[in-house]
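Biologist: Please take a close look at the part of the protein that faces the DNA. I would like one connected account of the contacts there.

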Number of protein chains: 2
Amino acid sequence: MVTIYDIAAKANVSAMTVSRVINNTGRISEKTKAKVKKVMEEMNYVPNQMARSLVLQQTRILFLLITDITNPFYTTLSRGAEDAATKNGYRLLFGNSDENLEKEAGYMNTILTTRVDGVLIAPTGDPSLPHLEQLRLHNIPFVLLDREVPGIECDIVLGDSKEGARQLVDQLASQGHQHIALVNGSSSVSSARMRRLGYEEALKLNGLPLHEERVFETSFGPRSDLTELDAWISSLDPMPSAIVAGNNVLAVEVIGLLRKRGLRIPDDISIVCFDDFGPYSEIDPFITVVAQQAYQFGYMGMQMLIDRIQNREDAGPWKKIVLPAELVVRSSVKRLLD
Amino acid sequence: MVTIYDIAAKANVSAMTVSRVINNTGRISEKTKAKVKKVMEEMNYVPNQMARSLVLQQTRILFLLITDITNPFYTTLSRGAEDAATKNGYRLLFGNSDENLEKEAGYMNTILTTRVDGVLIAPTGDPSLPHLEQLRLHNIPFVLLDREVPGIECDIVLGDSKEGARQLVDQLASQGHQHIALVNGSSSVSSARMRRLGYEEALKLNGLPLHEERVFETSFGPRSDLTELDAWISSLDPMPSAIVAGNNVLAVEVIGLLRKRGLRIPDDISIVCFDDFGPYSEIDPFITVVAQQAYQFGYMGMQMLIDRIQNREDAGPWKKIVLPAELVVRSSVKRLLD
DNA sequence: TAAATTGGAGTTATCGGTAACGCAAATCAT
DNA sequence: ATGATTTGCGTTACCGATAACTCCAATTTA
């Protein structure tokens with residue numbers, strides 16, 4: 001491997017001079033600068049970031065940990081985070097925890113040992129607390145995305161889950177739906193809790209009774225096995241006229257299962273959900289959703305993270321950004337009133 | 001930051017002994033091992049991967065560079081690559097070039113300076129050649145995904161683009177379509193070239209004439225501005241009865257534009273495309289596609305990469321895997337025969 | 001013209017680890 | 001009992017870069 005010393009030897013200068021040329025610091029004559037640069041090109045020199053980070057104690061690399069790389073919400077978020085990072089001269093590494101605490105733990109390990117400058121993280125849920133405490137302990141700045149974790153204070157970007165859920169239920173109720181079920185993410189995920197809360201509040205406000213058995217909690221991530229979900233649908237009696245899905249993944253899976261039963265949407269059953277479908281909402285925009293500003297989640301979160309890193313000591317109080325969600329009415333809800 | 005020396009001091013041993021405990025190498029008594037481990041826990045020690053990599057000359061980190069993080073083909077592929085990497089004890093970092101050569105160059109820089117052990121890369125196209133030559137020059141093993149780059153010999157995983165395109169056209173022709181247009185990726189991308197070739201061959205085999213103006217080449221990635229694409233559609237005269245899209249992104253965009261013109265699919269115009277829609281093919285499975293084995297692309301590519309890394313010297317000849325594509329007939333094609 | 005300043009570059013120590021070697025004490029073989 | 005091994009751990013050097021300091025020569029200033 002070509003090192004700074006190889007360059008130095010060939011250019012008849014000291015290693016320090018080469019370093020100065022690379023970083024454009026200190027005082028060097030244009031002549032030696034040109035000479036060194038020429039030798040660097042000739043020898044195809046590439047600086048060793050690890051050696052540099054070791055002495056500088058910073059990497060200028062940030063880490064983005066998402067929970068589901070196949071979900072358009074997170075991929076769009078990633079684009080936002082990437083744009084903000086690049087704009088500020090940081091490189092961004094991605095990880096995908098797959099809504100799995102162990103995978104998350106694996107990435108935490110990479111994060112700590114790699115000594116990245118900061119982390120943007122969508123935690124798998126409340127059990128992520130120890131992971132966040134680790135980051136705090138090792139003084140690694142981080143910003144949470146989409147999900148709060150009780151027990152830790154930090155910068156965070158959230159969606160207005162409660163209000164969004166209310167809007168979905170209101171929308172259904174306004175069309176005359178009275179039997180509304182909820183398929184939701186795990187109650188160990190704050191956004192799922194808020195969505196449930198919004199659902200329950202909206203039922204009450206619309207004068208509808210709450211039936212516990214109409215609420216099913218599972219993972220926000222895609223299931224390899226749909227039998228449990230299918231069993232819950234079977235157990236619904238009477239069949240609700242509408243289902244609220246806690247996110248787009250659940251909506252897709254539920255729709256698949258309903259169709260297998262020969263049910264048509266919205267003729268036989270209505271469905272609405274959280275999160276839009278990225279580009280695919282374009283081709284068959286038939287599901288009524290509460291769309292979140294995925295790109296903004298990433299962009300603003302990254303901006304907060306970088307602010308935090310660059311201010312460090314005099315950083316000020318923790319910031320919390322709540323992004324509004326927008327109801328997009330399409331054609332997955334049947335009108336039951338006349 | 002807690003270092004190996006802090007541990008050594010507190011445990012009354014040398015730094016080397018601590019290193020031995022961490023790596024479980026050399027000879028240490030159970031007693032000292034336990035003592036050191038205890039101190040490490042007490043002090044929340046985390047090894048500094050950069051210092052370690054610097055001396056070991058390897059990172060056990062691999063890099064996956066894809067061209068469109070919002071495309072289900074690539075996200076599914078990513079899952080496959082991740083699984084294979086994890087299984088072999090490697091950590092995986094992701095990058096997203098956005099079909100953009102400059103962004104790709106940026107990631108190349110990260111790759112070289114970070115000294116990752118290997119790279120799995122879907123190149124943006126033929127102009128990526130210098131980037132690959134850089135990797136070769138710096139002796140970083142890499143495996144190409146989905147796209148060949150003339151001028152470089154290496155391990156590669158490809159889809160059978162020509163055959164896939166033939167199947168799509170055959171499918172249309174078998175339903176009586178005679179005016180078939182093609183929206184394709186850039187001709188600087190090998191898979192786009194092969195798809196075009198398959199399209200042209202299939203036209204000929206079906207006795208259909210080739211009209212240059214019915215072929216439009218653009219990027220495989222999502223466009224921020226659809227006017228050019230829309231202008232091409234306007235220019236088509238006569239309007240073809242069917243369109244073949246070079247990938248799912250193009251299909252989605254074209255469908256959107258067609259619908260804006262009030263055209264219904266498949267009643268007014270038929271459409272078929274390369275690549276499935278990931279989970280979203282589930283909810284409205286109306287587009288006939290040639291589905292590629294995205295997960296396998298990632299899994300097998302990663303496996304090849306790791307083989308290459310672990311054998312290094314006696315690696316054998318370059319390997320080329322061609323994954324078959326499967327026609328999935330749905331309802332986006334109108335039957336024109338009686 | 002002598003003193004002070006400044007420009008240009010080299011020296012040395014260090015970041016946090018690990019490999020290779022060395023060496024005393026403990027264990028083994030004869 | 002004594003030489004030969006083995007065990008357990010320390011020393012030293014180095015991975016590739018940079019910060020802080022030093023030093024000489026050229027230039028400016030008084």
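Modeller: A polar side-chain atom of B:Ser14 is 2.6 Å from a phosphate oxygen of DNA strand D, a polar contact, meaning a pair of N or O atoms within 3.5 Å; within protein, one must be able to donate a hydrogen and the other to accept it, and residues adjacent in sequence count only if both atoms are side-chain atoms. This is a predicted model, in which local features need pLDDT of at least 70 and side-chain atom pairs count only at pLDDT 80 or more, while totals for chains, interfaces and linings use all residues. Residues are numbered from 1 along each chain as its sequence is written, chains are lettered from A and ligands numbered from 1 in the order in which they are written, and side-chain values use heavy atoms, with hydrogens and water left out.

In chain A, a polar backbone atom of A:Ile4 lies 2.5 Å from a phosphate oxygen of DNA strand D. Two or more residues each come from α1 (4-11), α2 (15-23) and α4 (49-56) of chain A, and from α2 (15-23) and α4 (49-56) of chain B; helices are DSSP runs of H or I with at least four residues, numbered from the N terminus. The most, five residues, come from α4(A).

In total, 28 residues surround DNA strand D, and the closest include A:Ser19, A:Tyr45 and B:Thr17; near means a heavy atom within 4 Å. They divide into 15 nonpolar, nine polar and four charged.

Methods: Ala, Val, Leu, Ile, Met, Phe, Trp, Tyr, Cys and Pro count as nonpolar, Asp, Glu, Lys and Arg as charged, and the others, Gly among them, as polar.
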